[in-house]
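Here is a short briefing on the open spaces in one protein model. Look at the sequence and structure first, then work through the points.

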Amino acid sequence: MKRFIQGSDRAQGILLPAQLDDYVTDENPVRVIDVFVDELDLATLGFKGVTPADTGRPAYHPADLLKLYIYGYLNRIQSSRRLEREAQRNIELMWLTSRLMPDFKTIANFRKDNGVGIRNVCRQFVLLCRNLDLFTQQLIAIDGSKFKAVNNRDRNFTKAKVRARLQQIEESIERYLSMLETFDRTEPAEAPAKTVRLQDKITRLKEQMQALKEVEARLPNAPDGQISLTDPDARSMATSGRGTGMVGYNVQTAVDTTHHLIVAHEVTNIGNDRSQLANMSEQAREATGIEKLAVVADRGYFSGEEVLACDQAGITAYVPKPLTSGAKADGRFGKQDFVYMPDRDEYRCPAGHSMTRRFATVEHGLTLHAYATPECRRCLLKAQCTTGPERRIKRWEHEAVIDAMQERLSKAPEQMRSRRQTVEHPFGTLKSWMGATHFLTKTLDRVRTEMSLHVLAYNFKRLLSIMGAELVMKLARA
């Protein structure tokens with residue numbers, strides 16, 4: 001094998017044995033993990049087992065297991081069994097954990113028992129980024145995405161799903177019974193074997209029917225009309241694709257538009273984003289320390305109450321209003337065709353008539369003012385406007401806040417483009433790291449812990465890319 005690079009002889013002795021430190025370069029991310037974890041006050045952050053027990057077998061220090069998990073999520077090794085194997089053969093992990101090799105059960109129990117501490121470490125890393133003055137702009141992009149849970153779609157039940165499945169089973173049983181009657185009349189040679197198979201199928205279907213009826217009896221007591229058998233907190237959620245959906249969780253993120261760092265995140269099992277704007281905005285402001293914060297989100301976050309809450313908290317929101325109108329869909333004038341005149345507290349209809357305030361009503365907890373005009377009955381455009389005696393326009397008592405937001409957005413349309421360029425990339429990256437199954441843990445509390453590890457790993461890589469390992473270690477020690 002001449003003219004090829006030759007390796008060392010496996011049987012060659014070494015006079016001075018190599019040290020683990022020789023195999024880990026100064027710029028290796030494991031050195032940053034080591035410095036970052038060593039600078040943390042784990043007891044204050046809420047980790048268990050920081051103080052050793054007086055009796056019994058000595059335990060692993062939480063810092064060593066935390067380093068193991070951060071390395072694992074940085075390198076797309078989330079499974080406790082895979083981490084166990086890596087600790088036994090990976091030189092970087094041997095250096096990081098000082099050759100400790102915990103078993104998979106110990107590794108898994110650490111993540112299960114220290115959810116609060118791990119989530120606080122994620123917040124602590126964001127605080128480190130804040131101290132490094134990385135959050136210079138006042139704009140934060142907010143978005144949500146659906147992540148798969150450890151729960152198959154066939155193991156999630158709603159009232160409609162149970163009814164549809166019961167109907168399918170009944171039809172299958174009727175079809176098999178009809179086939180049995182045919183065999184009795186015709187008596188073919190293979191009838192005995194087929195009869196046994198069909199009877200077995202009918203027995204299994206009846207067992208499934210009984211199980212479904214038990215689930216159906218539990219559904220009225222379910223808080224949101226859903227039951228998931230594998231992960232009780234997972235919920236069926238619609239996705240962007242038509243006729244598609246998944247059983248999982250809704251992950252919310254607030255991302256800095258300058259360096260694309262995730263400053264705040266939340267995991268919920270609510271399928272829509274309408275109630276998340278104010279909550280995520282407050283979390284982002286607390287994390288970044290920016291008092292006059294501006295947030296931008298897509299139409300799924302539009303809610304009058306949420307926009308009002310942001311306005312009252314001093315947060316500037318940019319959320320486009322959904323263009324949904326039953327009248328517009330039927331070819332008639334929509335509410336956007338009526339112009340509000342704030343100085344006179346009136347609307348001007350497409351025909352030029354003034355619509356004055358008539359009465360107030362409360363719908364879904366919101367106080368609405370109704371506007372109308374007596375000119376509707378003899379208006380030439382009535383057929384294009386309403387099918388009733390007169391057209392009424394309802395206006396929320398705090399509609400001025402919505403109008404001001406829409407005016408801001410019309411003057412700064414680039415905000416929505418900035419949102420897409422900022423917040424979509426982290427979700428794509430995280431889902432690529434997590435693989436096809438997404439979450440590995442069950443129940444909302446443990447899924448939140450797992451998501452915090454993913455967010456911590458993402459921010460870790462972003463910071464290393466922005467500043468470099470050597471500078472991050474120097475600043476972390478300061």
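The largest pocket holds about 970 Å³ of space. Its lining is made of 28 residues. Keep in mind that this model is predicted. The second largest pocket holds about 460 Å³.

**Largest pocket: who lines it**

- Closest to the centre of the largest pocket are F302, K321, K335, E399 and I402.
- Two helices give two or more residues each to this lining: helix 11 (304-312) and helix 14 (399-411).
- Strand 9 (339-341), strand 12 (366-372) and strand 13 (393-396) also give two or more residues.
- Helix 14 supplies the largest share of the lining, with four residues.

- The lining of the largest pocket has eleven nonpolar residues, eight polar ones and nine charged ones.

**Second largest pocket: who lines it**

- This pocket is lined by 21 residues.
- Nearest its centre lie R123, V263, A264, H265 and Q283.
- The elements giving two or more residues to this lining are helix 7 (115-131), strand 6 (262-268), helix 10 (277-288) and helix 16 (444-467).
- Which element gives the largest share of the lining of the second largest pocket? Helix 7 does, with eight residues.

- Ten residues of the lining of the second largest pocket are nonpolar, five are polar and six are charged.

Terms used. Residues numbered from 1 in each chain as written. Predicted model: local features only at pLDDT ≥ 70, side-chain atom pairs only at ≥ 80, totals over all residues. Heavy atoms only, no water. 1 Å grid on protein atoms, 1.4 Å probe; cavity = no way out; pocket = protein on both sides within 12 Å on 5 of 7 lines; lining within 4 Å. Points joined across faces, edges and corners; volume = space filled by probe spheres on them. Nonpolar A, V, L, I, M, F, W, Y, C, P; charged D, E, K, R; others polar.
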